[in-house]
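Visitor: Please take me through this model by question and answer. I would like each answer to end on the name or value I ask for.

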Amino acid sequence: METKIAIQGIKGSFHHQVAQQYFEQVDGLDECMSFDDLVKSLVNNRSQKGVMALENSIAGSIIPNYALIDRHDLHIIGEHYLDIHMNLMVLKGQKIEDIKEVHSHPIALLQCAVFFSQYPHIKLVESGDTAETARRIQEQKLVGIGAVAAPIAAELYDLDILAAGIHTVQSNKTRFVIVKTTNKEWPKEAINKASVKFELDDTPGSLATVLNVMNNCKLNLTKIQSMPIIDRPFQYSFFVDVIFEKYKHYEKAKNILALMTTHFKVLGEYKRGEVK
């Protein structure tokens with residue numbers, strides 16, 4: 001059976017790069033210009049698996065994506081960490097003085113703010129995808145417009161890189177998750193990481209009690225993200241990532257937490273990605 005992969009953005013985007021690195025074989029891509037469309041691709045079976053950015057080491061969590069995964073009952077079946085290399089690229093033959101505008105995804109522009117502060121004549125314009133502007137520059141032969149994107153985009157769309165590695169913090173990594181509509185991907189013995197969501201009643205110390213259970217069950221908490229519950233002011237749901245050596249330790253914690261919390265949901269059980 002062929003597996004079509006949904007990515008946010010187009011060929012040359014960071015999501016495309018992750019798809020190439022994570023999957024042994026990609027039978028086809030569904031290029032989605034928004035994360036909402038990526039989810040629809042999976043739910044409507046246009047694709048079988050999706051690549052979704054979840055957090056960046058500079059910009060932090062992409063909180064709406066947690067909500068998308070939860071709301072549409074997607075399952076995280078894997079993760080991949082990508083070193084992000086931001087590059088300023090333009091139509092061949094141009095210099096930095098010729099560039100009036102630079103277009104890219106808002107998070108990409110945020111990560112390169114210090115570099116562009118040296119060039120006040122350049123207007124920064126937000127777009128839906130890093131690679132889309134690179135393609136448009138080539139297709140429409142746009143002069144005076146630059147794109148911030150991955151090196152793969154410059155190669156695909158035959159652009160000159162005016163400046164490489166322009167992100168402010170050189171150690172710039174993004175965590176991507178692989179999602180699908182079902183969760184039977186790994187045998188228990190291969191699983192060493194899980195993503196869960198829970199809600200608590202408004203009792204003092206309830207979160208501390210939950211964290212103690214995780215600790216006592218030999219789980220290592222790697223991420224906790226709170227999100228307001230819209231119809232219950234000043235109450236929160238918690239999205240948590242844990243790693244563990246033995247599935248039985250996690251299973252014990254899962255059974256206890258399902259009893260302790262007002263709402264408990266497994267978002268994914270999978271094999272931990274390597275941070276290089």
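## Strand pairing and burial

Visitor: Which residue is the bridge partner of Ala194 in β14?

Guide: This is a predicted model, in which local features need pLDDT of at least 70, side-chain atom pairs count only at pLDDT 80 or more, and totals for chains, interfaces and linings use all residues. Residues are numbered from 1 along each chain as its sequence is written, and side-chain values use heavy atoms, with hydrogens and water left out. Strands β12 and β14 (residues 236–243) are antiparallel and paired over seven bridges (strands are DSSP runs of E, at least two residues, numbered from the N terminus; pairing takes at least two DSSP bridges). In β14, Ala194 is bridged to Val242.

Visitor: Which residue of β15 is the bridge partner of Lys197?

Guide: Strand β15 (residues 263–270) runs antiparallel to β12, and seven bridges join them. Within β15, the partner of Lys197 is Lys265.

Visitor: How many residues of β12 are buried?

Guide: Buried means under 20% relative accessible area, exposed over 50% and partly exposed in between, with a 1.4 Å probe and protein chains only. In a regular strand the side chains alternate between the two faces of the sheet. In β12, Lys193, Ser195, Lys197 and Glu199 are buried on one side, and Ala194, Val196 and Phe198 are buried on the other. For β12 (residues 193–199), the count is seven of seven.

Visitor: Is Val102 buried or exposed?

Guide: Val102 belongs to strand β7 (residues 101–104). Beyond four places in sequence, its contacts (heavy atoms within 4.5 Å) include Leu88, Leu109, Phe116, Ile122 and Val148. Because its relative accessible area is 0%, Val102 counts as buried.

Visitor: What distance separates the C-alpha atoms of Val102 and Asp27?

Guide: Along the chain, Val102 and Asp27 are 75 residues apart. Their C-alpha separation is 33 Å.

Visitor: Which residues does Glu2 touch, leaving out those up to four places away in sequence?

Guide: Glu2 lies in the segment before β1 (4–8). With a relative accessible area of 60%, Glu2 is exposed. Its C-alpha is 8.4 Å from that of Val26, 24 residues away in sequence. The residues that Glu2 touches are Asp27 and Gln48.

Visitor: Which element has the lowest mean pLDDT?

Guide: The predictor's confidence in each residue, pLDDT, runs from 0 to 100. The protein chain averages 93, and 100% of its residues score at least 70. Strand β6 (residues 87–90) has the highest mean among the elements, 98. The lowest mean, 84, belongs to residues 60–61, strand β4.

How values were computed: Helix = DSSP H or I, 4+ residues; strand = E, 2+ residues; numbered from the N terminus.
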